[in-house]
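Subject: A structure for you to look at

Hi there,

Here is the structure I promised to pass on. Have a look at it first, and then read my notes below.

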Amino acid sequence: MLKLYGGARSRASIVQWYLEELSVPYEYISLNLQAGEHRQPEFLAINPIGKVPAIVDGDFKLWESGAILLYLADKYDAAVTTIEQRAEIAQWILFANATFGPGVFIEANREREMSRYLTFLDQYLDSRSFLIGDQLSAADIAVGSFLAYMPIMLKLGFEDYAAVDRYVKQLVARPGFQKSIGAR
């Protein structure tokens with residue numbers, strides 16, 4: 001069975017959300033980060049830099065939330081059938097982790113970047129329910145998790161972005177979200 005290593009307030013909840021959506025059986029192993037369990041030799045054998053999330057799937061070990069989402073999409077998401085879909089998913093995961101997240105969650109960038117990214121997403125989502133195709137994908141997990149965290153962590157809403165607001169409400173209502181991020 002796949003093992004997901006995480007800890008309180010970690011990005012492991014994003015991976016957990018996707019596992020729930022895919023109905024992939026997994027064991028969640030919660031590390032006490034305050035006590036340094038992620039820096040013990042047992043975990044460093046999985047991720048030498050000692051960060052969560054990480055997974056072990058059989059003999060395969062992988063860390064970094066974006067890489068894990070891509071792996072899960074390739075291995076378990078039956079809707080991902082073409083290289084073009086995989087490339088689009090990678091594009092959105094990279095956008096979430098390298099552009100959108102730092103642009104919104106790093107305070108020095110927020111004033112300059114947030115409005116531009118939310119305006120783009122609002123226009124993009126205006127005529128669609130999901131980022132790619134007609135069902136949830138790893139792309140939605142990556143981007144949607146940052147959007148869902150904005151009201152919680154930054155106390156920022158989407159009053160000026162109707163399509164983004166609708167999208168976030170749709171995502172946070174999903175049972176997979178409620179069992180992962182919503183349960184924290």
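Which helices each supply at least two residues of the lining of the largest pocket? In this predicted model, they are helix H3 (65-76), helix H4 (83-105) and helix H6 (138-154). Of these, H6 gives the largest share of the lining, with four residues.

The largest pocket itself has a volume of about 790 Å³. Its lining is made up of 26 residues, and those nearest the centre are Arg9, Ser10, Arg11, Tyr149 and Met153. Sorted by class, the lining has 12 nonpolar, nine polar and five charged residues.

Next, please find His38. You will see it in the loop between strand E2 (26-30) and helix H2 (41-44). Is His38 buried or exposed? Its relative accessibility is 9%, and buried means under 20%, so His38 counts as buried. The side chain of His38 makes a polar contact of 3.2 Å with the side chain of Arg39. If you set aside the neighbours within four places in sequence, His38 is in contact with Leu31, Leu33, Phe43, Leu44 and Gly50.

Strand E3 (residues 54-57) and strand E4 (residues 60-63) run antiparallel and are joined by four bridges.

Enjoy exploring, and write back with any questions!

Best wishes

How values were computed
Residues are numbered from 1 along each chain as its sequence is written. This is a predicted model: local features need pLDDT of at least 70, side-chain atom pairs count only at pLDDT 80 or more; totals for chains, interfaces and linings use all residues. Side-chain values use heavy atoms; hydrogens and water are left out. Buried means under 20% relative accessible area, exposed over 50%, partly exposed in between (1.4 Å probe, protein chains only). A polar contact is a pair of N or O atoms within 3.5 Å; within protein, one must be able to donate a hydrogen and the other to accept it, and residues adjacent in sequence count only if both atoms are side-chain atoms. Contact means heavy atoms within 4.5 Å. On a 1 Å grid over the protein atoms alone, a cavity is a set of points where a 1.4 Å probe fits but cannot get out, and a pocket is an open set with protein on both sides within 12 Å along at least five of seven lines; lining residues have an atom within 4 Å of a point. Grid points are joined across faces, edges and corners, and a volume is the space filled by probe spheres set on the points. Ala, Val, Leu, Ile, Met, Phe, Trp, Tyr, Cys and Pro count as nonpolar, Asp, Glu, Lys and Arg as charged, and the others, Gly among them, as polar. Two strands pair if DSSP finds at least two bridges between them.
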